[in-house]
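Thanks for asking me to look this one over with you. Here are a few notes to read alongside the view below.

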Amino acid sequence: MTLSQPYEHAWRARAAFLSTKLDRAHACVYFLGDALEKGDSRAARGPWHSARRAVDSVAREVSVLRDEQPPAHEHDEPAVTGSALTIEGADAATMALDVMVNSMVALSATTDEEVTDVLIGDCVDAARVYEGSAAVVKASLHSHGAETLDLKRAFDADREVALRSSVVGAQARLGERNEQVEHGVERRKPTRQLNVGAAVEVRNRFVGMWCHGFEVADQVDGGYVIRRVSDEAMLPEVITDDEVRFDRRD
């Protein structure tokens, strides 16, 4: 028995919709990266939530499509391979987007050069996996017969599998780290004491990123009193060691 035309039409329509959602999620991740680079926590908070919602939405769609996958033994190999390939590619692309979001946020919350190098590597690998996997999803929509089998072999190439495996490891590592960043519980000590008048960056507790434009007004038990340079307003709470660092622009 071969895959019926009605089912194949429905599957390709759902896969096209999934590919569009991947494109939208990738755009959200791009805007998040742009906002984080500007160092404005207020500007980054919205893109962060948008990126998380978009990536989670794609993950749910992949899960639904996988649950609807018909038994493989009932249909011809190329057709089943195309459907499965779309799911596998979208799953890998979603994982890559998740790693990109987490690595970007973690990068904005660390001063450790070794950690920074690792995070940049994770982000670059994830971007490569996304590009390849998203391309596979798009290509599978228009592939038939032997073309689909060739696409599957390329997706399963050793180097591609190894790259995806490295991103899987990064996803697990970054998930734990990012949970700490997002909840403001990551503990870091400044490399040297912050003196009164020192230009500093303060970490935003909502998105874990660092904001410029502050200075130390006083040293107190438990941390520092911080003043905003633009209007000389004092931040209402004592800022602890792990929430402040020297301004890296100086």
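1. Cys123 is buried because its relative accessibility is 17%, where buried means under 20% relative accessible area, exposed over 50% and partly exposed in between (1.4 Å probe, protein chains only). Cys211 also counts as buried, with a relative accessible area of 10%. With a disulfide defined as a pair of cysteine sulfur atoms within 2.5 Å, the count comes to zero.

2. A word on the model: it is predicted, so local features need pLDDT of at least 70 and side-chain atom pairs count only at pLDDT 80 or more, while totals for chains, interfaces and linings use all residues. Residues are numbered from 1 along each chain as its sequence is written, and side-chain values use heavy atoms, leaving out hydrogens and water.

3. Have a look at helix α4, residues 113-141. Helices (H or I, at least four residues) and strands (E, at least two) are DSSP runs, numbered from the N terminus. The 29 residues of α4 reach 42 Å from first C-alpha to last, close to the 42 Å expected, a span taken as 1.5 Å times one less than the number of residues. Its buried residues include Leu119, Cys123, Ala126 and Tyr130.

4. Next, find Leu194 in the loop between α6 (158-182) and β1 (199-203). Leu194 is buried because its relative accessibility is 0%. Leaving aside residues up to four places away in sequence, Leu194 touches Val200, Val216, Gln219, Tyr224, Val244 and Phe246, a contact being heavy atoms within 4.5 Å. Leu194 and Tyr224 are 30 residues apart in sequence, yet 8.5 Å apart from C-alpha to C-alpha.
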